[in-house]
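Thanks for coming, everyone. Please look at the structure on the screen while I walk you through it.

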Amino acid sequence: MFGKNKDRARVEREFESEILVHLDALYAAALGLCRSPANAEDLVQETTLKAFRFFHQYESGTNGKAWVFRILMNTFINRYRKRKAEGRIMSDLDLSEHQERLLGPEAMRTWSDPEVAFFRRSIGQEVLRALEDLSDDYRTVVMLADFQDFTYREIADIMGTPIGTVMSRLYRARRLLQTRLYDYAVDQGYVPDVTDAEGRTVSLEEFRNRKESRS
Amino acid sequence: MRCFDAKRFVHAYVDGEFDAVERGEFEGHLRTCNACRDQVRFEDWFQSGVREHIPRTLAPVHLRDRVLTEIQQAPAPTPVRSLPARLGWAAVPAVLAAAGLGILVWVAAGAGPTNDIALTTAVDMHRRYLPVEVAGPDVNAAREFFRGKVDFAVRPFMPAAASAVPAQFVGARLSHIGPATAAHLMYDVAGHRLSVMAFQAPNDQLRGREVHTVGPWQVHMDRRDGYNVAMFRDRDITWAVTSDIEPNQMIRFVSAGMR
């Protein structure tokens, strides 16, 4: 009886230090997947319970975060993913429209010019909003790569897809995010639209002049 | 490295996925190519900016409490059944929970080849579009067909209609692997051809590149000529599943079919 309690206490401690230590990350990912705090909490709870039940299959000291994220993904797919996508999903069509304009070398240099100050506090919220409009797969791969710092190999294991699929999804998802953030930044006046109405490329000089004349 | 090649890998480079050699090669290209250098700078700037400005999410306190309480009241973790001996390499087991079965994956670096004749023949038979001798979709017809032609009872795979792997039984034919007669069953899995071969091989020693535990079976995965092959033993019968679908899907097919 006494021995059993000690073992149980040890298992719980191990579980807390190797798996529950990732609770914040799990919740953040669950929120991104479910888009509702209530569902996210249920998903996290179901995931941690399942992880505990299968804890003997986890080899202590190896990649606990990837292991429990794999369980999170499976649980999400089996129970929480909606059959029909709601709202507007950014598709690859959006990508091809913008790609020409946006991602040429001139445009890229304009974006990242320090005077343009593209990244501001409000961008963070817009990124989250943009994420919600991505498909489940695109949203997942960006979250895992950019917010959770998993390697491509780990993402492939978590999502159950080949590494090549991870790479192409990540590439497309990031491009979609970039086009969306670009539109937002133009809207807010943070960056010049790199093409004006006649389709001519606008220079940074003109943008600065315009800004000054406005203020 | 040509520019076309480099463009495909800008993200991988910025994400730190390259090893030292690949990095050196890529950076060699960057030194001579403005376009790619701009691309790398842009991606690096963008990724860093996004990461820096994303609001940090913390799990709410009540969720943390709820989780801890539930863990303390949960039954003890399920003990693992027959674990195969680990073969002594630096492996990272990843758990795939599929339909309640715990599936463990070890990636074997430097394990020997599987039963090579079986592997080669399975792939050979699969890729040849041989005519069926008994047609589907009824698997029982196939079972009847093989009675008396092979020395073992052929239990044809048939994943349930609603399973994760949509498979249709196309037909079967009598075949052979080396000197042993074999049952060759053919399936269509979402437009991809898939072959299952079964033959008697009491002394088979399977050694695949990867080993997956599916229920009571050790499934050895290998790759030959662009096809994925999954082999496992059930009593004294060896099963070989050959297809160009992804290994994960093949594992699911095996799991769904062998119930």
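A:Arg139 is buried, at a relative accessible area of 1%. Buried means under 20% relative accessible area, exposed means over 50%, and partly exposed lies in between, with a 1.4 Å probe and protein chains only. A:Arg139 has a salt-bridge partner, A:Asp136, with the closest N and O atoms 2.8 Å apart. A salt bridge here is a side-chain nitrogen of Lys or Arg within 4 Å of a carboxyl oxygen of Asp or Glu. A:Asp136 is buried as well, at 18%. An α-helix has 3.6 residues a turn, so residues three or four places apart point the same way.

A word on the model. It is predicted: local features need pLDDT of at least 70, side-chain atom pairs count only at pLDDT 80 or more, and totals for chains, interfaces and linings use all residues. Residues are numbered from 1 along each chain as its sequence is written, chains are lettered from A and ligands numbered from 1 in the order in which they are written, and side-chain values use heavy atoms, leaving out hydrogens and water.

Now a second pair, in chain B. B:Arg41 and B:Asp38 form a salt bridge, their closest N and O atoms 3.5 Å apart. Both lie in helix H4 (residues 34–53) of chain B, three residues apart, about one turn. B:Arg41 is exposed, at 52%. B:Asp38 is buried, at 12%.

Back to chain A. A:Arg79 bridges to A:Glu46, with N and O 3.0 Å apart at the closest. This pair links distant parts of the chain: A:Arg79 is in helix H4, A:Glu46 is in helix H3 (residues 37–53), and 33 residues separate them. A:Arg79 is exposed, at 57%. Over all chains, the structure holds 23 salt bridges.

Helices (H or I, at least four residues) and strands (E, at least two) are DSSP runs, numbered from the N terminus. Of the 215 residues in chain A, 51% are buried.

Take helix H9 (residues 152–159) of chain A. Six of its eight residues are buried. Among them are A:Tyr152, A:Ile155 and A:Met159. What do the buried residues pack against? In chain A, they meet H4, helix H8 (136–147) and helix H10 (163–187), and in chain B, helix H2 (10–14). Just after H9, A:Gly160 takes a positive phi of about 70°.

Next, the core. A nonpolar core is a set of buried Ala, Val, Leu, Ile, Met, Phe, Trp, Tyr and Cys residues joined through side-chain atoms within 4.5 Å. The largest has 64 residues, and A:Trp67 and A:Phe69 touch the most other members. Helix H4 (residues 64–80) of chain A gives the most to this core, nine residues. Another core lies apart from it, with 34 residues, including B:Val134 and B:Phe232. In soluble globular proteins, nonpolar side chains tend to be buried together.

On to the interface. In contact, meaning heavy atoms within 4.5 Å, are 61 residues of chain A and 54 residues of chain B. The chains bury about 5200 Å² between them, 63% of it on carbon and sulfur atoms. Buried area is the accessible area (1.4 Å probe) that two parts lose on being put together, summed over both. Seven salt bridges cross this interface. One joins A:Asp24 and B:Arg64, at 3.2 Å from N to O. There is also a network of salt bridges linking A:Asp146, A:Asp149, A:Arg174, B:Asp15 and B:Arg51.

Stay with A:Asp149. Its place is in the loop between H8 and H9 of chain A. A:Asp149 is exposed, at 53%.

Chain B has a residue of this kind too: B:Ala190, with phi near 50°. B:Ala190 is in the loop between strand E5 (180–189) and strand E6 (192–200). B:Ala190 is exposed, at 56%.

Last stop, a peptide bond. From B:Gly136 to B:Pro137 the bond is cis, with omega near 5°. B:Pro137 sits in the loop between strand E3 (134–135) and helix H7 (139–146) of chain B. Most residues other than glycine have a negative phi, and most peptide bonds are trans.
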